[in-house]
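Hi everyone, thanks for coming. Let's look at the structure together and talk about its pockets.

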Amino acid sequence: MPRIPVSAAVLRAPGEPLSIETLHLDEPRHGEVMVRTVAAGLCHSDLHYLTGSLDISLPAVLGHEVSGVVEQCGPGVDRVRVGDRVVVTITPSCGQCPECVSGAPTRCSRVGERRRRSEPLLTDGAGAPVTSLGAIGAFAEAIVVPEAALAVVDADIRPDVAALLGCCISTGVGAVIHGAGVGPTDTVAVIGCGGVGMAAIQAARLSGARRIVAIDLHDEKLALAKSLGATDTVLSASGDVREAVLELIPGGVSHVFEAVGRPSTAELAFALLAPGGVATLLGLMPTGSRISLDAAAIVEGDRRVQGSYMGGNRFLADVLTLTDHYRHGRLDLDAMVTGTVALEGIDGGFAAMAAPSSIRTVTSFGEGTW
Ligand SMILES: [Zn+2]
Ligand SMILES: [Zn+2]
């Protein structure tokens, strides 16, 4: 089968700049679709692989939050068509296993099977295989993914905004709506106001939470968090965060969302809980991380800690829900995109993630339009 040359940002060694190379992309095989990349978000999970705090087989193309246009469909593809505008999820679920049919497609037991292929998706100039993160590898001009990884979006949704639906919005909103089931009687605190945290804040507003406390190291982030629905803010750089939150909400918070990905903030999330409260951990933590909790506070106060991988999203249904809320002004996705870079400028984009004014930087391909 012929391979297609694509420009891509390749991770050769952790901590080093990404190298822009021409790779060779396999054609879509049975059940697969080739998508011309239009926009790809820079996620903190990518940054973990970039710095080496999470392992990936190298060389690798990172990127998993992506939108694009269907260019070619392999045999057996019947849900999407050439020309469709699509957004990609990292969990291509089968729809048939016990997890899928019980409404938890992000826990699909056949995701690995869906991603597996007989030939490497990407090879480099020397013909050596190149890993695609999550079988996506979005920092490339084109990708080949299982059809099950795709949701079609309407043309009125901007491609940069659509890309975010694949990871940070699905995760932050999903954790609040599906994972925690926040409602109007709840109080919420969100630790870390990056893309996922800001999405969680907006989802808490959407769910009618009576108080929403944003916690971050930077004043600029907190100001943005207020504009996206936070009712209160706590600057974590100054003083005791727990004390500050308990002063705002005596007795503790009913739902805390940790969107940083550090054991210390996971422990803080638990420490902020009211009796009966639930801490939901969203950030991927460095390999081997452990957290330590007060055992008495778990048992005597009926407190819980839970994970919410990818927000437990139900991708096809959630994309419809999220785009409707966006269109009707209840979910501000435009404000979530705070920077755009070309593929050649992707290292600068990763560096910009540390800026207090940054929520999400998106790599834009071609004209950056559908
Ligand atoms: Zn991500
Ligand atoms: Zn399944």
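**Pockets and cysteines**

So, the largest pocket comes out at about 1,100 Å³. On a 1 Å grid over the protein atoms alone, a pocket is an open set of points where a 1.4 Å probe fits, with protein on both sides within 12 Å along at least five of seven lines, and lining residues have an atom within 4 Å of a point. Volume is the space filled by probe spheres set on the points, which are joined across faces, edges and corners.

Please keep in mind that this is a predicted model: local features need pLDDT of at least 70, side-chain atom pairs count only at pLDDT 80 or more, and totals for chains, interfaces and linings use all residues. Residues are numbered from 1 along each chain as its sequence is written, and side-chain values use heavy atoms, without hydrogens and water.

Which residues lie nearest the centre of the largest pocket? They are His44, Ala259, Val260, Gly261 and Gly283, out of 49 lining residues. By class, the lining has 27 nonpolar, 18 polar and 4 charged residues, with Gly counted as polar.

The second largest pocket has a volume of about 300 Å³. Its lining has 17 residues, with Arg79, Ser93, Gly95, Ala148 and Leu316 nearest the centre. Those lining residues split into 7 nonpolar, 6 polar and 4 charged.

Finally, the cysteines. The whole structure has 0 disulfides, a disulfide being a pair of cysteine sulfur atoms within 2.5 Å. Cys100 is buried at 11% relative accessible area, and Cys108 is buried too, at 7%; buried means under 20%, with a 1.4 Å probe and protein chains only.

Technical notes: Chains are lettered from A and ligands numbered from 1 in the order in which they are written. Buried means under 20% relative accessible area, exposed over 50%, partly exposed in between (1.4 Å probe, protein chains only).
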